[in-house]
Amino acid sequence: MVRPIIKMNRLARKQEIQRKIDSIKMEVLSSSSYSLLSINLDDYTSFYDLKSTASYGHLDTKILAREKHINEVSDRLAGLFNQYLLLTLLRDFDIQGSDFSLSSVIKKKYQHELDRIESQLDEFGHNFYQLSNDKFLKDLAILSHRLIPMGAEFIVPYSGVPRTLILKQGFIQFCKGFWACVVCSGGFYPYLELHAHTLSMGEFNPEGWLQTYMNLAEFLEDNPAFRGVVSSSWFLDPALDQISPHLLYLRKIPEENGATILFNCWDYDGKSGALDKSESRRRLFESEDYRPAVYTRIWPRKKLLSFKNKKLGIV
């Protein structure tokens, strides 16, 4: 069970994190397997590219190769190296290091994420601290400004809409996609791309999503280089209107306020997340009465800003 999030002042946080860093360093250096490695802890962390603008899951091949080498010696040792990487990023995190203009609301959400990450440090085994683990990668990305908290989900800046998407379902989808990307947004890049993080789902509810839309709109206002917001998910599937009507708000509110929803792909294996938290959807999938599908939402900047103004009563 994950421990409650504990808030600390900045000095106390750094002292506690440094204590944990020193403890891991001692454990690594005292390991009998450490002598079999050709890399030390600080050299390893230097291969994590803090300046990358690529999606959070794209890592430098150098750090991947070195993690593979460490795993071949000891997967526990690899976990310690990656935990050391996380802790150094947590210790050195500076909200001023962001390349973007951040509202006070978003800065508070960053603080919440720092508290969460630190509170969860002792809850996971060494297998969690692997670069193949999406949850761990997302925590690293938060600490390197590659994943920005918005509320219900996080954004990856500098994403795009694949041109192949608008060609997938014939002429009607092409027209809808062309209208959303080219006419309404001015192009296929750059967009803010939404991603869920299962370790931080406290605002994944109707009220949390409404506030998330407002936060996204404010971020677009403060950072005008972005054309809008894009995301892909199983919960945008129109089939859920009958299967899981309580999730209808996730598609309906954006769609009624200028977002375009396009078919992306079928989820034949049930690995999109559609089956994770619903026994009824699992039963329907097993009986072949439900096949999950992933849909992509494109919400042009001006449409999302209009939604924000409408909610605020601004004409």
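**Close-up views of a predicted protein chain**

**View 1. The largest nonpolar core of the predicted model.** The largest nonpolar core has 79 residues, and those with the most contacts inside it are Phe-81, Leu-140, Ile-148, Phe-219 and Leu-304. Here a nonpolar core is a set of buried Ala, Val, Leu, Ile, Met, Phe, Trp, Tyr and Cys residues joined through side-chain atoms within 4.5 Å. Helix H4 (residues 75-92) gives the most to this core, with 10 residues. A second, separate core of 10 residues includes Ala-180, Phe-188, Val-230 and Leu-262. Buried means under 20% relative accessible area, exposed over 50%, and partly exposed in between (1.4 Å probe, protein chains only). In soluble globular proteins, nonpolar side chains tend to be buried together. The model is predicted: local features need pLDDT of at least 70, side-chain atom pairs count only at pLDDT 80 or more, and totals for chains, interfaces and linings use all residues. Residues are numbered from 1 along each chain as its sequence is written, and side-chain values use heavy atoms, with hydrogens and water left out.

**View 2. The whole protein chain, for orientation.** The protein chain has 12 helices and six strands; helices (H or I, at least four residues) and strands (E, at least two) are DSSP runs, numbered from the N terminus. Its C-alpha atoms fill a box of roughly 65 × 50 × 35 Å along the principal axes. For 315 residues, a compact globule would have a radius of gyration near 20 Å, and the 21 Å of the protein chain agrees with this. That radius is taken over C-alpha atoms, and the globule rule is 2.2 Å times the number of residues to the power 0.38. Of the 315 residues, 49% count as buried. Among contacts between residues at least 6 apart in sequence, 80% join residues at least 24 apart, where contact means heavy atoms within 4.5 Å.

**View 3. Helix H6 and its cover.** Helix H6 (residues 134-143) is mostly covered, with eight of its 10 residues buried. The buried residues are Phe-136, Leu-137, Lys-138, Asp-139, Leu-140, Ala-141, Ile-142 and Leu-143. Their cover includes H4, helix H5 (104-119) and strand E2 (154-159). With neighbours within four places in sequence left aside, Leu-140 is in contact with Tyr-48, Leu-85, Leu-86, Leu-89 and Leu-131.

View 4. In helix H10 (residues 249-256), the residues Tyr-249, Leu-250, Arg-251 and Pro-254 are buried. The buried residues of H10 pack against helix H8 (206-222), helix H9 (240-243), strand E5 (260-266) and strand E6 (293-300). After H10 comes Gly-258, with a positive phi near 100 degrees. Ala-259 is placed in the loop between H10 and E5, and this residue is buried at a relative accessible area of 7%. Apart from neighbours within four places in sequence, Ala-259 is in contact with Pro-254, Arg-297, Ile-298 and Trp-299. Between the C-alpha atoms of Ala-259 and Asp-289, 30 residues apart along the chain, the separation is 28 Å.

View 5. Glu-288 lies in the loop between helix H11 (279-286) and E6. Its relative accessible area of 71% makes Glu-288 exposed. Phi of Glu-288 is positive, near 65 degrees, in a residue other than glycine. Glu-288 and Ser-119 are 169 residues apart in sequence, and their C-alpha atoms are 41 Å apart in space.

View 6. Most residues other than glycine have a negative phi, and most peptide bonds are trans. Tyr-158, which lies in strand E2, has a positive phi of about 60 degrees although it is not a glycine. Tyr-158 counts as partly exposed, at 33% relative accessibility. The peptide bond from Tyr-189 to Pro-190 is cis, with omega near 0 degrees. Pro-190 is found in the loop between helix H7 (170-184) and strand E3 (191-195).
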